[in-house]
Amino acid sequence: MNIHHILGSIFWLLIGAYVTIAAYKLGLGYLRKPGPGFIFFCAGLLLLFLASIDLALTFISRQKTYNADKPLWFGTRWKRVLMVVGVLWVYVYIVHVLGFLFSTFLLMVFLFEAVEPTKWWIAILSSLITILGSYCIFELWLKVSFPTGIMGF
Amino acid sequence: MEILHNLSSGFLEIIEFNNLLFCFIGVLIGTLVGVLPGIGPVGAISLLLPATMKTTPLSSIIMLAGIYYGAMYGGSTTSILVNIPGEAASVVTCLDGYQMARQGRAGPALGISAFGSFIAGTLSIVGLMLVAPPLAAVAIQFGPPEYFSLMCLGMTILIYLASGSIIRAIMMATFGIIIGCIGQDPETGSTRFVFGVPDLLDGIGLAPFVMGLFGISEVFLNIEHSLEVRGIFETKIKGLLPNLQDWKDSIMPIMRGSLLGFFLGILPGGGAVVSSFASYGIEKKISKHPEKFGHGAIEGVAGPESANNSATGGAFIPLLTLGIPSNVVMAVLLGALMIHGVTPGPLLISRNPQIFWGVVASMYIGNIMLLVLNLPLIGIWVQVLKIPYRILFPLIILFCLIGAYSINNSTFDIVLMLVFGVLGYLMRKYKFEGAPMVLAFVLGPMLESSLRQSLLISKGSFLIFFSRPIAAAGMILTILMLISSVIPAFRKKREVIPIEETT
């Protein structure tokens, strides 16, 4: 049995079940005049059905699908991925407070320095160049209006 | 004569400075993403989609199309010099291109690849010009049942060509339809799966969805591993112009590749990747010296490189005449056209001739630009290959953040992009494919409205999909393909078909 395969199937099974129930509540209408939940109900049901088959196949098939014995994150730097996801999540919340320029500068320094360590001054310089370049292209040339934050920039 | 007249009006559009500039930017970025492994045309197009919001629809499409066919040129450079394909359509070029480089023939390999791409690209534009207008005239008579069956067929072919489990590919397409239809119901106005979030009333945006699924997830996958510098095969690139013998060996593979690529490009689900593999297989089969393939045969570079470029021209036909994208890149381009208020379909050529003929003319100009960019300037691209990924990935993330934010000036789109980035990363880890999901996401709303309209017309009878010839043909083909994928003999064959471009 392959635990990764089972987990994947169960995830989609749950999604399919949720969509089917929620779509039913939206209203299916009639075949001659389908309602707003009709397509979701059909798709949810299909997802539920296919995920069930996919799950069943894991138990029926004797063949291992892929690296069954090896954890998916074995030998990888998954903590760095988690760290980047976390930092990007924080970025979304601080960009309105600190403004685009300052919060993106902090983000860039982190990305240049923390994921693959380099000299601090290189990370700061690279971040400055990147921020100024993107500011000129997007804000000045393409007139994208970025959040300014409490500092006004 | 009418075609020449229309083409000349297209050239008049394209020679405007702005359009020329955007064409150049497109092919330049296309070559760049083709050269750089880790970001493909889908990621690049979705990344730059927001940047085109301030331009005209024509300039925007010229640039985005340029990225697509430009990537096909650039992809061969890494295949030949580093043995790493810059994008999926150049995988097969590694086999003989890299061997040629090892034998000191990197120059002719790069040269024939660029010339082959140029010839094939130009021929496919001629094909596009000749085939699209009559097809659009026929497609005007298509109703909702025909569109529904053609969209089902397109998605089924893409699912059929997916490399992993077919059940999982259908699951991804189904989920794509679900999230594509989120938002207000077009008929009743009731909200569907918006969870009280006003930003979701108009549905999930294409740009944050694709940037997350391909751009951000690709970064996550790459930073999982050590970001060491790629090793470039150190050889002096000389003699980019192939000699007479090289031309003799390559001219027929180029012609065959052009023809094959064009027709495979038209087919829904087909495209650059499939055609390059098919071309390689055919060239090897009909060659008098098949044993040379894999050891530096120039035909093994000329054929596939021509085929993948020709496929890009062919792929525009279903998009511009039927409004149905044949692959993921076209799906993103469809989204781009819709954002600019242009609806691709049978009426595009008659209602917006400047867009159709402008794009066609830009492809001629773009191919010439690409030839100049890829031959005399090859040294620059070799240097670009040396840029370490630890510098590239923060830039990719920054462009994704700005791209997602700038469409609606909303940080909610950044959140969406992050969610789909994490989902895309997990999907790749758990061997679920993103390509069927993207195509279904784009086609979802059209699929829903054509299904509901068909059922309204037929008063609830599904027989409407089998009582009209084109709709019936599409549905029967769809069913046959689905059945064949579960028959063991066919399933075995399907497993060796390469995956379509996903990044």
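User: Which residue does R168(B) form a salt bridge with, and how far apart are the closest N and O atoms?

Analyst: R168(B) pairs with D54(A), and their closest N and O atoms are 2.8 Å apart. A salt bridge here is a side-chain nitrogen of Lys or Arg within 4 Å of a carboxyl oxygen of Asp or Glu. Keep in mind that this is a predicted model, where local features need pLDDT of at least 70, side-chain atom pairs count only at pLDDT 80 or more, and totals for chains, interfaces and linings use all residues. Residues are numbered from 1 along each chain as its sequence is written, chains are lettered from A and ligands numbered from 1 in the order in which they are written, and side-chain values use heavy atoms, with hydrogens and water left out.

User: How many salt bridges are there across the interface of chain A and chain B?

Analyst: The rule finds one there. Over all chains the count comes to 11.

User: And how many residues does each chain put into the contact?

Analyst: Chain A gives 64 residues and chain B gives 61, with contact meaning heavy atoms within 4.5 Å. The area buried between the two chains is about 5,700 Å², and carbon and sulfur atoms give 80% of that. Buried area is the accessible area (1.4 Å probe) that two parts lose on being put together, summed over both.

User: Which residues of chain A lose the most area to chain B?

Analyst: W12(A), I39(A) and F40(A), which together make up 12% of what that side buries.

User: What about polar contacts across there?

Analyst: Nine residue pairs, both residues at pLDDT 80 or more. A polar contact is a pair of N or O atoms within 3.5 Å; within protein, one must be able to donate a hydrogen and the other to accept it, and residues adjacent in sequence count only if both atoms are side-chain atoms.

User: Which helix gives the most to the side of chain A that touches chain B?

Analyst: That's α1(A), with 13 residues. Helices (H or I, at least four residues) and strands (E, at least two) are DSSP runs, numbered from the N terminus.

User: Switching to chain B: what does D185(B) form a salt bridge with?

Analyst: R452(B), with the closest N and O atoms 2.8 Å apart. The two are 267 residues apart: D185(B) is in the loop between β1 (183-184) and β2 (191-192), while R452(B) is in helix α19 (residues 435-457).

User: Are those two buried or exposed?

Analyst: D185(B) and R452(B) are both buried. Buried means under 20% relative accessible area, exposed over 50%, and partly exposed in between (1.4 Å probe, protein chains only).

User: What does R428(B) pair with?

Analyst: R428(B) forms a salt bridge with E218(B), closest N and O atoms 2.5 Å apart. This pair links helix α18 (residues 411-429), where R428(B) sits, to helix α9 (residues 206-223), where E218(B) sits, 210 residues apart. R428(B) counts as partly exposed because its relative accessibility is 24%, whereas E218(B) is buried at 12%.

User: Where is S60(B), and why does it count as buried?

Analyst: S60(B) lies in helix α4 (residues 57-82) of chain B. It counts as buried because its relative accessibility is 0%. Leaving out residues up to four places away in sequence, S60(B) touches T52(B), T55(B) and H340(B).

User: Last one: which residues of α21(B) are buried?

Analyst: A471(B), A472(B), G474(B), M475(B), T478(B), M481(B), S484(B) and S485(B).
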